[in-house]
Amino acid sequence: MTRQTAHIKSRDGATLAVDAVGEGPVVILVGGAFNDRGTVAGVAAELAPHFTVATYDRRGRGESTDPVREAGGGFDVQNEIDDLAAVIEHVGGRAHLFGHSSGGILVLEAALRGLPVDSVAVYESPFRADPDLPHPPADLLDRITALADRGDRDGAASLFLGEAIGLPPEIVSGMKHGPVWDFFLDKALTLPYDVAFARPSELVDRDRLATLRLPVLAVYGDQTPPGLVAGAKAVADSVPGARLVVLPGQDHSVLQHPEALAPTLVEFFG
């Protein structure tokens with residue numbers, strides 16, 4: 001199938017790079033931290049025989065710009081909601097949404113704020129849902145924003161992986177010697193958006209999620225850490241009528257195994 005690429009404008013003038021492939025009902029895929037439209041392309045290829053699948057670079061990543069940040073402004077998550085609204089308008093005015101990790105929180109937030117969404121599927125949205133599990137300190141957003149403001153890509157990526165994700169220092173150090181580190185650094189200055197969406201020091205607002213009135217699917221892998229499992233279950237338990245699916249043998253890196261995820265999404269969106 002032929003992939004079509006467009007560069008569209010968001011409400012504040014940001015340029016967004018959008019790919020579309022396939023035919024049928026529209027599904028938009030949204031990646032989380034350190035992700036761009038390339039990391040969800042495998043899932044898009046799996047879904048394209050059934051749907052029109054759109055992927056895009058979130059602002060400040062890949063070919064998408066962030067004029068607010070370029071002008072010295074802050075990280076307002078409403079701008080990312082406006083970006084998704086622009087993508088929905090570009091692909092026809094309504095869409096089904098899938099979000100991975102913090103991208104899942106973004107698509108849920110978009111639905112909560114009234115965007116024209118038909119259904120939402122999320123994979124391991126990193127809500128803090130279990131008060132007994134460790135969580136980042138309340139000043140994480142301030143500190144990672146300060147690093148991004150200084151252009152300290154290494155510092156922002158290291159802080160996110162260590163405190164938001166909870167990786168041990170030796171694991172983070174090892175990553176810095178591998179090919180993935182340059183990929184992480186390329187997107188590190190956008191990490192405050194992901195932290196702002198997740199608010200990892202605060203417990204998830206289950207009552208707010210309960211106001212959603214559309215089909216919602218929450219998915220997690222049975223090899224994933226307890227905190228992400230709790231976040232997925234919180235979505236399924238809070239949204240009326242939501243479904244919960246567990247993928248055997250999978251963890252948070254499911255985007256690298258699109259064939260394991262795609263059948264669940266095809267069944268849900270279909």
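You are looking at a predicted model, in which local features need pLDDT of at least 70, side-chain atom pairs count only at pLDDT 80 or more, and totals for chains, interfaces and linings use all residues. Residues are numbered from 1 along each chain as its sequence is written, and side-chain values use heavy atoms, with hydrogens and water left out.

Let's begin with the open spaces. A pocket is an open set of points, on a 1 Å grid over the protein atoms alone, with protein on both sides within 12 Å along at least five of seven lines, and its lining residues have an atom within 4 Å of a point; a cavity is a set of points where a 1.4 Å probe fits but cannot get out. Grid points are joined across faces, edges and corners, and a volume is the space filled by probe spheres set on them.

The largest pocket has a volume of about 1,300 Å³. Its lining takes 43 residues, and S101, A164, I165, L228 and H252 are the ones nearest its centre. Helices α6 (153-165), α8 (180-187), α9 (191-198) and α11 (226-238) each give at least two residues to that lining, and α6 has the largest share, with 5 residues. The helix and strand names come from DSSP runs numbered from the N terminus (helices are H or I, at least four residues; strands are E, at least two). Sorted by class, the lining of this pocket has 26 nonpolar, 12 polar and 5 charged residues. Here Ala, Val, Leu, Ile, Met, Phe, Trp, Tyr, Cys and Pro count as nonpolar, Asp, Glu, Lys and Arg as charged, and the others, Gly among them, as polar.

Next comes the second largest pocket, at about 210 Å³. It is lined by 13 residues, with G60, R69, R153, L189 and T190 closest to its centre. This lining has 3 nonpolar, 3 polar and 7 charged residues.

Around it sit L29, V30, G31, N35, D36, R37, Y56, D57, R58 and R61. By class, that makes 3 nonpolar, 2 polar and 5 charged residues.

You'll find N35 in the loop between β3 (26-30) and α1 (41-47). Is N35 buried or exposed? It counts as buried because its relative accessible area is 11% (buried means under 20%, exposed over 50%, partly exposed in between, with a 1.4 Å probe and protein chains only). The side chains of N35 and T39 are joined by a polar contact of 2.7 Å. A polar contact is a pair of N or O atoms within 3.5 Å; within protein, one must be able to donate a hydrogen and the other to accept it, and residues adjacent in sequence count only if both atoms are side-chain atoms. Setting aside neighbours within four places in sequence, N35 is in contact (heavy atoms within 4.5 Å) with R61, K187 and L255.

F34 lies in that β3 to α1 loop too. Its phi is positive, about 65°, although F34 is not a glycine. E124 also has a positive phi, near 50°, without being glycine; look for E124 in the loop between β6 (117-123) and α5 (140-149).

Time to go inside. A nonpolar core is a set of buried Ala, Val, Leu, Ile, Met, Phe, Trp, Tyr and Cys residues joined through side-chain atoms within 4.5 Å. The largest one has 44 residues, and I28, L84, L97, L108, V120, V216 and V235 touch the most other members. Apart from it lies another core of 24 residues, including V21, V27, L261 and L265.

L265 belongs to helix α12 (residues 258-269) and is buried, at 0% relative accessible area. Although L265 and V27 are 238 residues apart along the chain, their C-alpha atoms are separated by 9.8 Å.

Finally, go back to α9. This helix is mostly covered, with 8 of its 8 residues buried. The cover over them includes α2 (67-70), α3 (77-90), α4 (102-112), α5, α6 and α8.
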